[in-house]
Structures are given as structure tokens and as C-alpha cells.
Amino acid sequence: MSETSHHHPSQRAKQIEMSQPHRAIATVITSNYIPQALTLYTYIIESNPETSFVVLIVGESADLPETLPSGPEWICWDAILEEEVRLRLATEYTPFELSCVARGRFHHYLATQRAFDRWLMLDTDIGILSDLKPIWQALDSSAIVLTPHASKPVPLQHATAHEGNILKSGLFNAGVVGMKRSAVAQQASQWLSERLEAFGHAHAHRIISGLPNHQDFEFVDQIWLNLLYLYFQSDITVLREETCNLGHWNLHQGELMPRDGVAYFNNQKVVIAHFSGLPDRQNLEMVSAHSQLYLDRPSQAWAAMAEDYLDRLARAERDVPSVPYAYTAIQPRKSTEERASPAISVPPQQIIKRALRKLCLGLKSPDKIIGGMKLVGWQIKRSSQILPSLLSNRSAEKIFIDRSPNAFTNLIPCMGNYETYAIRAWILQAVSQAKQQFHGKLLDVGAGSSPYEELIMSTGHISQYIKLDFAKSKYHKGHSLDLTWDGKTIPLQPQTIDTVLMTEVLEHVHRPGDLLREVRRVLKPGGVLFLTVPFIWPMHELPYDYHRFTPVALKAYLEEADFNVQNIQVLGGWDHSLAQLLGLWLTNRSMGERKRKLAKLLAWPLYSFLLRRGKDEFTAIRNHQMHIGLAGVAVAGENKRP
């Protein structure tokens with residue numbers, strides 16, 4: 001990645017501005033948020049490549065690397081603010097508050113010191129998915145563009161959580177604010193700068209942090225946009241189109257649908273997706289930790305966009321060296337008098353949060369601990385929504401239903417598939433990795449509902465998919481079969497099949513070696529056998545549950561049946577094995593239904609943590625390795641005679 005200087009606006013940028021009317025996207029970050037700014041830049045160069053990107057870093061030039069990644073125009077705030085003002089603000093405000101407080105000053109700088117025709121001030125937790133033309137056009141007739149948090153009412157039961165929150169935090173979202181170079185923009189930005197620098201304290205943020213609180217403001221900059229609209233209303237356009245700032249505050253107002261790789265909301269292209277308050281990766285379909293509206297109406301389309309944003313951010317974090325916050329030594333702290341004074345009443349949950357925060361300060365990676373605390377808080381918040389209905393015996397089933405579009409091939413971890421998610425996710429991964437080897441006539445032994453048929457047929461390598469299972473079984477009723485058998489002899493001629501699929505079947509056979517030899521009989525020399533077997537699974541389909549296999553045993557059975565073993569893969573490791581056991585216990589342990597639901601709610605933070613952690617766990621066939629199951633690929637030997 002190439003690099004550029006960051007101290008002052010570049011000469012090239014000024015030349016472009018002066019030669020033609022030019023548009024810019026601007027953002028304000030503290031010095032430790034450079035990866036977030038680069039993530040936003042990846043969207044800009046894809047969707048609006050002709051637009052400049054200007055980043056104000058709340059930090060001292062001397063504390064930053066001499067060069068930063070090229071592309072954005074990096075401006076340290078010591079280039080536009082006097083030292084006395086910088087130190088006063090850094091002493092008065094937290095990093096969170098500063099990144100908001102400095103926006104007013106940055107708007108004024110762009111309106112008075114630069115020659116941009118118009119600009120858009122954005123948060124960094126944003127994806128720009130298409131052309132910004134709707135916003136630029138709105139600035140043709142106005143000096144300022146604001147985006148509201150809502151344009152439609154919600155049902156009464158959501159009024160407190162949703163509309164009440166809007167009343168506290170501001171009618172307009174400060175993460176998307178547009179201005180046009182004009183006298184009005186200069187006046188408005190001057191007024192906004194003065195107010196934010198004098199009254200930029202975030203009420204709830206300060207209570208949690210145990211800091212002195214001067215104003216009862218929920219958010220530092222958004223609340224002032226209410227008055228900005230009143231004072232400059234004749235020169236302001238309110239963009240009511242959700243697509244110009246789509247987030248948890250308005251996603252419920254329509255339908256988000258992807259088409260040919262493009263996101264549409266109410267049949268209009270999404271311009272800006274605002275990923276405010278994303279939950280952990282396992283729960284992205286819940287949209288945001290800041291909203292309760294999506295507990296019973298998750299959005300998979302939103303989860304896909306958020307996943308892409310997090311992937312971009314992860315790449316940026318790998319590519320950019322870590323830069324600490326510049327003003328750690330002088331940032332706000334509680335005074336001795338305030339620490340000693342019991343006069344201020346603080347809710348118990350905030351006392352706990354504060355204590356945990358202090359506990360994290362001495363740790364090597366406090367951000368990870370705090371992130372984990374936020375995850376647990378988010379899960380407990382979700383659990384609390386359903387708990388009252390459980391205790392009062394009212395129906396609350398939605399949260400306990402498997403929300404997966406397909407329970408085998410399109411899985412979503414949720415409280416409705418505690419016992420099956422981990423093992424099925426691993427089997428799906430194994431099938432997906434091996435499917436390119438499948439070819440010709442495929443025999444699905446123990447097909448059941450043949451859940452992987454569509455996935456396998458999508459390769460275009462299969463000429464015929466043959467489903468084989470017992471004719472009569474209480475476990476496989478109603479499934480369409482091509483062949484039936486007695487569990488011993490496959491009703492096919494020798495060497496007539498190219499591929500055999502056998503998922504979770506071998507454990508049900510008393511003599512697994514005999515079945516493998518029968519499979520070898522119908523396979524052509526060089527034909528492929530793909531199979532999976534469970535390891536962590538309770539007794540099932542009794543009395544036909546005989547075995548749990550180790551990799552050594554499975555390999556031995558295959559080789560004895562004249563197969564050349566290509567690969568035996570361990571499915572899951574210790575983390576996913578523990579998640580699997582926890583899911584099985586929650587689903588099958590004898591207990592009352594209300595207790596089971598409560599247990600599922602309380603266990604969800606640990607379960608989702610294990611799923612996430614287990615994705616990166618190293619696994620191998622070795623002593624003391626735990627696994628959920630096994631997958632194997634073997635090829636029929638060339639020297640076998642029917």
C-alpha cells in the first residue's frame with residue numbers, strides 16, 4: 001500500500017478544487033480509528049471514484065507515523081486548530097465525544113478554507129453502495145441536507161424503545177450531513193462548532209464512564225441538529241428517502257432485497273448503509289444492538305451487507321499499523337472529590353459496567369475484553385425482551401424457532417437450532433469442499449430427505465442423482481426415493497456408480513466393514529466415496545445406533561474395504577465440541593419447557609462465543625484432539641474384481 005503525508009492538505013487536492021467545482025466526502029476520527037476511515041474509503045473508490053475523501057484526525061502530527069496510506073487526504077487537527085484549543089478540548093472530552101465535537105469545526109473549515117463545491121460528512125461505520133447523486137441533487141436547491149431517523153410511526157408497543165430513543169438522541173442522524181459552499185453553510189457551521197465545543201458532553205456515555213456530567217444530552221452532535229433545522233429551515237432539505245441513510249432506525253419501514261449483487265430497499269437502490277451498533281458476527285441479522293425492533297424480524301440481507309463491511313474492516317486493520325489515541329494522558333477522569341462522594345445515585349448495572357471497565361484497564365488487550373462485555377450485554381438485552389413473557393406463561397415461541405432458510409444448507413445460528421447448528425455447519429463445509437470431485441452417477445446411501453442434492457447438482461458434474469434408503473422407517477417417512485434396500489445389499493449391478501455420498505450413515509450399521517465393501521462393489525474403479533460420521537451425538541434411532549468413530553478406525557475400515565483414503569477431516573475442535581454438547585444439553589436434558597427456554601436464553605452468550613472462537617481453532621488428527629465428527633474422501637481401488 002502506498003503512503004502519503006498527512007500534515008496539511010495536499011497541493012494536488014487544492015489544484016483540483018480550484019480548477020473545477022468538486023465534491024468531497026469528509027469524516028472525523030481519533031487517531032486509533034484510521035482502519036475505519038480506510039474501510040469507508042474502499043466503498044468510495046468503488047461507488048463514487050471521482051469524489052475526494054478528506055479525513056480529519058483528532059491527534060497531533062508528531063504522534064502519528066510520518067506517512068499514512070494513500071488515497072484519503074489526511075489532515076491532523078493541529079493544522080486547523082490552535083494548541084490551546086486542542087488541549088482544552090482533549091482535556092474536557094472523551095475520544096468518543098471529541099470525534100463528534102470536532103465535526104462542527106471541520107464543517108466550518110470546509111466551508112471557509114477549502115474550495116469544495118459541496119461535501120458530505122459521514123460516520124465511518126458506513127458503506128456507500130451506489131452513486132451519491134440523490135444527495136448531491138438535494139444540495140442543488142439547499143445549503144444543508146439532513147437525514148431523519150424515521151419517517152413513519154411504529155406500533156405503540158415499540159414507541160418507548162424506538163420513538164422515545166429518537167426524542168432523546170435527536171430527530172436527525174449526524175452520521176450523514178451534507179453542506180454546500182455558501183454563506184448559510186458558513187453561518188450554520190460556525191453556530192454548530194460553538195455549541196458542540198461548549199456543550200459536547202454525552203450524558204449516558206459519561207454515566208457509564210463515571211465522568212462528571214454537565215448536560216443531560218444523549219448524543220453530543222445529533223441533539224443540536226434539531227435546532228439547526230429550526231434556525232436554518234428555509235435552506236435545509238430533509239431527505240426522507242431511507243436509502244440515503246439506511247440503518248436500524250428505518251430498516252423496519254420497508255423491505256431490503258438484493259438483486260444481482262445490488263441492494264434495493266423498497267425497490268430503490270440503497271445509497272448508504274449505516275452499520276451502527278452491529279452485534280457480533282453470529283447475530284448480524286439482528287441488525288443492531290441499539291434496537292429491539294429486529295428480535296422477531298431479523299434481516300439476512302442486512303447481515304450480508306454487514307458481513308462485507310466487517311471483512312473490509314478486518315483487512316484494513318491488518319494492513320495499517322496500530323496508532324494509539326493521542327491524548328490518553330489528559331483525557332477526562334473522575335476527580336478525587338467525585339470518586340469519594342456517594343451523593344450521585346448511579347444505577348447498579350452501571351456500577352457493574354464501571355467496575356468491569358476498571359478491571360480491564362490493566363489488561364494487555366482491554367479492547368477485546370470490552371468488546372466481549374458489549375457482546376454479553378447485547379445478548380442479555382435480547383434475553384430480557386423475552387423473559388417477562390416466559391415468566392407470565394405467555395407465548396414467546398418465535399425466538400426459539402430455527403430461522404435458517406434451509407436447515408442443512410443455509411444455516412443461521414439461533415436458539416432454534418442449538419443441537420444441530422455446529423455439526424450441520426461442519427458437514428456443509430465438508431460437502432462444499434469435496435463436491436467438485438463428485439461426478440457421473442451419484443448414489444446417495446441413506447438419502448433420507450437428500451438435503452445436499454441441490455448443492456451437489458449445482459456443480460454440473462452429476463449426470464444422475466440416485467436416492468437409496470429403507471422402504472419403511474419411522475425416521476424417513478415421506479421422502480421420495482429411487483431405490484430401497486434391506487441395509488445389506490445395494491440393488492445395483494457391480495461397478496455402475498461413479499460417486500457415493502453417505503452422510504451420517506455408517507454409525508447405524510452393525511458391521512461397517514460389510515457396508516463399505518458393498519459400496520465398493522457398486523463403485524467403478526477410481527470412483528469417489530464421500531462420507532461423514534458423528535462423534536459427539538446422543539444415542540438416536542435406537543436400536544440402530546452402533547458406533548462412534550475415531551479417525552484411525554474410520555481409515556482402517558476404508559482401507560480394509562479396498563479404498564484409497566485421500567483425506568479424513570476432523571470436524572470442529574474443542575470450542576465447537578463444547579458448543580455442540582451445550583446445545584445438546586439445552587435441547588435434550590429433562591426439564592420443564594419454561595426452564596429450558598430460560599436456560600437457552602442465559603446460555604446464548606457462551607454458545608455464540610464458542611461458535612465464533614471455534615472458527616479459527618487449529619485442528620488436526622493428534623492426541624487430545626476433540627471433534628464433533630469426521631468427514632472422509634476415499635477412492636475405489638483399481639485392483640478389485642466384482
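**Exercise 1. Find the strands that helix H16 lies across, and how H16 runs relative to S19.**

Solution. Open the predicted model and go to helix H16, residues 512–522. H16 lies across strand S15 (440–445), S17, strand S18 (497–503), S19, S20 and S21. Against S19, H16 runs at about 145°. Helix H14 (residues 421–434) also lies across strand S19 (523–534), S20 and S21; H14 runs at about 140° to S20.

**Exercise 2. Work out the strand order of the open sheet, and which strands stand at its edges.**

Solution. Start with the order: seven strands make up this open sheet, arranged S17-S16-S15-S18-S19-S21-S20. The pairing is mixed. Now look at the edges, where you will find strand S17 (483–485) and strand S20 (563–571). Each has a single partner strand, so one side of each has no neighbour in the sheet. On average, neighbouring strands are turned by 20° against each other, direction ignored.

S20 and strand S21 (residues 629–636) run antiparallel and are joined by eight bridges. In this region asparagine 564 stands opposite valine 635 in S21.

**Exercise 3. Describe how H16 meets helix H17.**

Solution. Begin with the axes: those of H16 and helix H17 (residues 551–560) come within 8 Å and cross at roughly 45°. The two helices are therefore oblique to each other, and their crossing is right-handed. Then pick out the residues. From H16 come Pro512, Gly513, Leu516 and Arg517, which meet Tyr557, Leu558 and Glu560 in H17. Sorted by class, this contact has four nonpolar, one polar and two charged residues.

**Exercise 4. Locate threonine 51 and decide: is threonine 51 buried or exposed?**

Solution. First, follow the chain from helix H2 (34–47) to strand S3 (52–58): threonine 51 is in the loop between them. Second, check its relative accessible area, which is 13%. The cut-off for buried is under 20%, so threonine 51 is buried. Finally, list its neighbours: leaving out residues up to four places away in sequence, threonine 51 touches Arg23, Ala24, Ile25, Ile44 and Trp136.

Technical notes: Residues numbered from 1 in each chain as written. Predicted model: local features only at pLDDT ≥ 70, side-chain atom pairs only at ≥ 80, totals over all residues. Heavy atoms only, no water. Axes fitted to C-alpha atoms, helices over the stretch in contact; angles between N-to-C directions. Helix = DSSP H or I, 4+ residues; strand = E, 2+ residues; numbered from the N terminus. Parallel < 35°, antiparallel > 145°, perpendicular 65-115°, else oblique. Left-handed = near helix turned anticlockwise from the far one by under 90°. Contact = heavy atoms within 4.5 Å. Nonpolar A, V, L, I, M, F, W, Y, C, P; charged D, E, K, R; others polar. Buried < 20%, exposed > 50% of the residue type's maximum accessible area, 1.4 Å probe, protein only. Pairing = 2+ DSSP bridges.
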